[in-house]
Every structure is written in C-alpha cells, then in structure tokens.
2 protein chains.
Amino acid sequence: MPDISLKGKMMPASPIRKLVPFSEEAKKRGIKVFHLNIGQPDIETPENVREKLRHLDFKVLEYSHSAGTISYRKKLVEYYAKNNISVTTDQMIVTCGGSEAIMFAMNTCLDPGDEIIIPEPFYANYNGFSVTSGIKVVPIDSFIENGFALPPMEAFEKAITPRTKAIMICNPNNPTGYLYSKEELESLKEIVKKHDLFLFADEVYREFVYDGQTHYSVMNLKGIEDNVILLDSISKRYSACGARIGVLISRNKEVISTAMKYAQARLSPPSLGQIVGEEAIDTPPAYFNQVLNEYHLRRKTLVESINKIDGCFCPNPGGAFYAVARLPIDDSDKFCQWMLEKFNYNGETVLLAPATGFYSAKGRGTNEVRLSYVLNVNDIKSAIKCLEEGLKVYPGRK
Amino acid sequence: MPDISLKGKMMPASPIRKLVPFSEEAKKRGIKVFHLNIGQPDIETPENVREKLRHLDFKVLEYSHSAGTISYRKKLVEYYAKNNISVTTDQMIVTCGGSEAIMFAMNTCLDPGDEIIIPEPFYANYNGFSVTSGIKVVPIDSFIENGFALPPMEAFEKAITPRTKAIMICNPNNPTGYLYSKEELESLKEIVKKHDLFLFADEVYREFVYDGQTHYSVMNLKGIEDNVILLDSISKRYSACGARIGVLISRNKEVISTAMKYAQARLSPPSLGQIVGEEAIDTPPAYFNQVLNEYHLRRKTLVESINKIDGCFCPNPGGAFYAVARLPIDDSDKFCQWMLEKFNYNGETVLLAPATGFYSAKGRGTNEVRLSYVLNVNDIKSAIKCLEEGLKVYPGRK
C-alpha cells in the first residue's frame, strides 16, 4: 500500500468534532446532549431566501463566472456600502465558503515556509489551511484576564522574522468573541505598515456586535489599502452555512489577479449559494434586530450563569456568538470527554469544545473551553446547569 | 506593497479563458461567436431536479456532514452499483466539485516535490492544482495519430523516479475524448502494482461513451484496491456544473481518513448542491438516451466536417464531448486569437481552445485545438464553416 503524504499525516483533526463520537454514544444511552461546541446556529434562514429558492426558474444550472456572478457582486457592493465599506465588483472573488477565501489568501500571499502571525486562541481550521499550504503559523498570546484583547504591539514585533508575510485576525473573534476596537486596529496598522505585511481579517461575525458598540473594518484603515485582505462569509450572517458562500476582497490588484488564477482553476463558486447570498442581502432589518436581541439574551444568560459557578470565569464577549470560559479543571480535553462518557444530570449533559484545540502552544487552554451560544435560552440554562453539576463531581477538579 | 507568493506567480492562467476578452471584443463589434472552447453544456438540467428545488422545505440551511449528507452518500452507493462499481458510504467524501476532489487526492497522497505522471494533453487545471500543492507533474506523450491512446508502458516506466507517487488519468479523456479500453487499464494496473503508486482516475464523463462501447472503471481493477482513488462529479452528467458537487472515492481507509481531515477543515460541501445530486440520480433513463443521442449526432457532425477540411485531421473520440483536431497552422494561440480579432464569415466566427494549454511540454499542441461539442448541430455546422473559411485566409497557414 503506498504511503500517504507527510502533509496529510500532519493535518490536524478538527478539535470541535473529535468529541462527537462520545456525544453519539451518550445519546445512544438515552442522554440528552446540549451542543455548545459548534458554530451551527439554530436561527432560521430568512424567509425571503427560502421563498426565493422555491421560485427558481432556470434551464441549465451553469457554472458562474469564476469570481462569482456579476449580479451577486453588484449586490455585495451595496451590502458593503451600507456597512461603510467602499469596494467595487472587481475587488472581490466569491468563494466556496469563508474557508476557500482563507485558502486563496494564503496561497496568493505566502509560500511554503513563510510565516503568518495569529493571536491565539484562534479558529482551529486556520491551522489546517496552513498545513495544507505549507506555511507556518506563529501564534502570539492573548489572555482571558482582559477578555482576549489584541496582544501588545511588542508581542507582534518580537514574533516578526524575515519569513513573516502576514498577520491574521478574526474580528469579532472566534473563539473568544472579542471585538477589536478602532484603536487596537490602528496600532496593528502601524506594524503592518512598518514591516510591509499582508493583513488578513476574517470579519464573518461583523453584524454580531453587542452593547451598542460598532464594528470597525480593516478595509477602513488608511494607508495600507494594498496590504489588507478581507475574508467574509454569509454562513453565520444569514444562518446559511450550507450555502457555502464566502468572499475574498482586496484593493490590491495583484492580489486579486493572482487569487483569480486559483479561482479559475476550480472553475466557479456554487451557483445556488450565490442566489441565496444575493437574496439574503435584501433581508428585512427586522430579521437582524430579532436575531441580535436573541443572541444578546443568550450571551447574558450564558455569561452570567457561568460566572455564578464557583471557580469559573467567563469574560463578557463584545461580539460573535462564542465565549471562552476558564474552569476549575485539570484538563479540558479530559473534562469535556468525561462530561459525555461519565456524567449526566437528570439525563442531560453538555458538549463543550476544549480550548486546547484553539491554541497551538502546548499546555495552553487546558483549563478553558469554548461555548457557542447557538441554542435557545432555556437550553443554555439547562446546559450550564449540567456544567455546574458536572464540575461539582468531576474527579480532575482543581 | 508586499510581494505576492512565488507560488501565485507560478500559477498558470486558465488556457480556456485567456481568449475570452477577445471574444467579448468581437461581440462588441457585432460578431456572433460560437463557443466551442468551454465545457459548459447547453443541455438542460433534468426537470425532476429543477422541480425538486422548487419544493425545498427547510428552516435552516445547515452545514452537512463534512463527507456529505448520509442520504446523498447512500444514493451514490446505488448510483455506483448500477454502474457496476461496488462502494460503501464510508468510502466516499462528497466535495465541492470534482476540483476539490482532485485537490484532496493530491494533498492526501503527495508531498511538495513529489511527482505525478499524467499522459498529455491533459485537463489544464491539473496543472493549477499541482502548483497549489507544490507537486510536480511529469507529462508523458500521447499522440493524435492513434487518437491519443494510452502511452506504452515503457513510457511510464521511463518517467518513474524515486519521487513518483501517483499516476493520473481522465477516462473518457478531457481534452481528447479518448476512451481507455479495459486492456489499457489492465496494463496500467501492472505498473501501479509494480511500483506501488497511487492511481487517480477522473471519470466524470463515464456516461458519455459512444458506438456501443462500455466504460471500464479503475474501481474494478483487481489487486490494487488500496491504490485507486476515483474522482467524480455531477457537473457534466446532469448538466449541473453550478451545483459544485463532486466526490472522492477510495477503498483505502487511510486515504479516506486523511482526506476527511481536509474535508473537516473546510466544514462541508454545498448543501443545496447535494440535494441536486441526490435527486439527479433518479433522473429517468430517457433523459440520458436523449442526451447521448444528441452528443452522438454532434460528434459525428463535428468530426466529419473537420476531416473534410483540407489539411485538417480529427480522430473520432470514443467518449466525453471533446475532440482535439490538428490544423494546418503555425501557432494555435495566434490562430485562435486571430479568428476573434481579425476574422469573420458573414458576421460569425468561432472561439476554440488552443491545445497548447493542455500540454506542459513546450512546442506541443501548436497545431492542435480542442473543440467541445456543447452546441447544437446547426451551430456546430456554422462554427466549423467559420473554421474552414478562416483557415483559407489565415496568414500563418502551413
């Protein structure tokens, strides 16, 4: 049997999914499992989108333009304009999910062996895409004590080497929910400018911002227009994860023309998903108000209940629908698995994501978990009750 | 401005699309351009598929399982069984088009610097995916004189080095239309076995086989079950290119578990496309009979009319909907561009794909073009008439 590639052997398994088999086992034993591990919202896709699909009228389900249909790109220009981001149809390439946008950005800007600095904890799949591209992730620490704020500029300076080509952020952040301020982004700009690096920004949670704060996009940082690549997706915005529609945006013409070569090689992004994306932009504002109110309430419920538990700490995240909490435990991987294998509270338990999967530094995240507040308030209450009761009897409690 | 990657600079531009701007210009001058350059069929997507989409009933457009929905994979098992290919749901990973299946296969089996042998001319995007993965394509020649039959085994033997990890074929072939015989595949098996290589087979044109011949799948080669990876797509089969649904199939468990790590990193294939794929398998046989009759007639029209032109030669392809023809010209890139820029016959001209884009060896394909017979018979006749008239006056005629 021929050997698979070393790269394949190095590919990390998804930290969010590795506990799923234990969850399946628990369900087989009749236990109800609350899934706070994943980013699949329970929110309905807007009705206008579903209605649009029911009235589809085409003869041939054709390839679209490799950069996406012109009508969808025009609509995206409108969407970004409403969000105070000025872009044109030729500055964007529609992709198969945000995932493909990230891969295009990495392959366009970095060669194997080049380095990308990412504050950690970070979205675990950035690791997978980096291994695929042969590039090296250089993590720098952010800390739960200040809610995972942007690390100080000295930390970035220290991490920069001759192989550094890019810095990547996710704002609002997955997994921490941290919303970077305009001031933080302005300091980041100075580093980017000084070392002439690319700045990749994953802004897929742009709309999910709480407490009257506003989101500031990297696209509005002046003087680094050629350095910035915006990575975006409709998955969470319109609860349309299955559409697999994202976009890569840059004002740097060479970046776009190079990314287009990758886009042309794979022919076209999904055509039906683009119809979803185009229609979704016309979703009435009432939909978002309701969704935002719902998430606001969920976040309050989640964060308050965790902070009431003895020995737990959960900063109040400014955006997205994730939070990272510190628990009084020895090992988050063991704990999360134990909650599924050995524990239930009145026939219920909870599936959490061990934060270790979001750090590359060994030993970090062992007393932290990521919680996605993608369930309704009552389920969140029951889930956190399970967590509280579990912590009381967990043998590895600290 | 930071520099883009060397890899990005090396990425080949799509040979099929590079003449599109000249075609756009010709249209602006009022000239009708027949597109025989692309693989976008004009055939209607089956009515049952379109009807299915109109009755979609879901609340949340969710991610699917990273390997594809279980219901679609079960249906695929049925489809392959009908095609005499025995596989199970855990031997397949549904992908975003055949393109993603190819990338997963390359990243799973080959490391940067490893070599993959491909008979040329070959589907141009294999080059792009190879550059993306950092792997080296080692082309071996096939020739128009015998219709681009599989090269002799000595040619494969000569090309094998310690870095060779895989052989790739496309059957029926794009761009040549050649249908490999069972005997050719059996000889290929011996090489694969002897050197313990992976064998990638792109069989997306499986149904498009003419003259009562039958398609023989690499999945039925005995004794190399762990070496074979089947790459497939619904794009051409059901004229559903925009669905972006393909599949990677292997009986090698390590290949599947490794490819799954790449699949999990990008979360999920398109959900709507999978609904298309699942329904398409129930398309009535009458649809295929009609489509096949149509392509049969188109092929006959195309091949016969080209062979009637003085100095032209076009082998009669056994499958797919492509043909490569030899023309009495100096340079196929120049000629195809000239046909758009300088020529028209009664206000009409034709866009062909220069075959140079399907060869990696310099200087090959300069007197060949690829023609896709994706237009109706009348349009094909008009298009070939343009070719005939163009050849009469082309200044670089040989």
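Buried means under 20% relative accessible area. I work with that cut-off below, and I keep in mind that this is a predicted model.

**Entry 1, cysteines.** I took Cys109(B) first. Its relative accessible area is 0%, so I log Cys109(B) as buried. Next I asked which cysteine sulfur is closest to the one in Cys109(B). It sits in Cys170(B), 18 Å away, which is too far for a bond. I then went to Cys336(A). With 1% relative accessibility, Cys336(A) is buried. The closest cysteine sulfur to that of Cys336(A) belongs to Cys312(A), at 12 Å. A disulfide needs the two sulfur atoms within 2.5 Å, so I rule out a bond for Cys336(A) at that distance. How many disulfides are there over all chains? I count zero.

I laid chain A on chain B. A turn of 180° with a shift of 0.0 Å along the axis does it, and the RMSD is 0.0 Å. That is how a two-fold axis relates its copies. Which residue of chain A comes closest to the rotation axis? I found Arg54(A), with its C-alpha at 2.0 Å. Then I checked the interface. Of the interface residues of chain A, 100% are also interface residues in chain B, so the copies meet through the same surface.

I traced an open sheet of seven strands. Its order is β2-β8-β7-β6-β5-β3-β4 in chain A, and the pairing is mixed. At the edges I noted β2 (92-95) and β4 (136-141) of chain A, each pairing on one side only. Neighbouring strands are turned against each other by 20° on average, direction ignored. Strand β3 (residues 115-120) of chain A runs parallel to β4(A), and six bridges join them. In one of these, Ile117(A) has Val138(A) of β4(A) as its bridge partner. I then found helix α9 (residues 253-265) of chain A packed on the sheet. Helix α9 touches β2, β6 (198-202), β7 (228-233) and β8 (246-250) of chain A. The direction of the helix makes about 25° with that of β2(A).

I looked up the domain assignment. It gives domain 1 as 6-44 + 286-393 and domain 2 as 60-280. Over C-alpha atoms, the centres of domain 1 and domain 2 of chain A are 26 Å apart. I logged the contact as 39 residues from domain 1 and 36 residues from domain 2 of chain A.

How values were computed:
Residues numbered from 1 in each chain as written. Chains lettered and ligands numbered in written order. Predicted model: local features only at pLDDT ≥ 70, side-chain atom pairs only at ≥ 80, totals over all residues. Heavy atoms only, no water. Buried < 20%, exposed > 50% of the residue type's maximum accessible area, 1.4 Å probe, protein only. Least-squares fit on C-alpha atoms with pLDDT ≥ 70 in both. Contact = heavy atoms within 4.5 Å. Pairing = 2+ DSSP bridges. Helix = DSSP H or I, 4+ residues; strand = E, 2+ residues; numbered from the N terminus. Axes fitted to C-alpha atoms, helices over the stretch in contact; angles between N-to-C directions. Domains from an automatic or database assignment.
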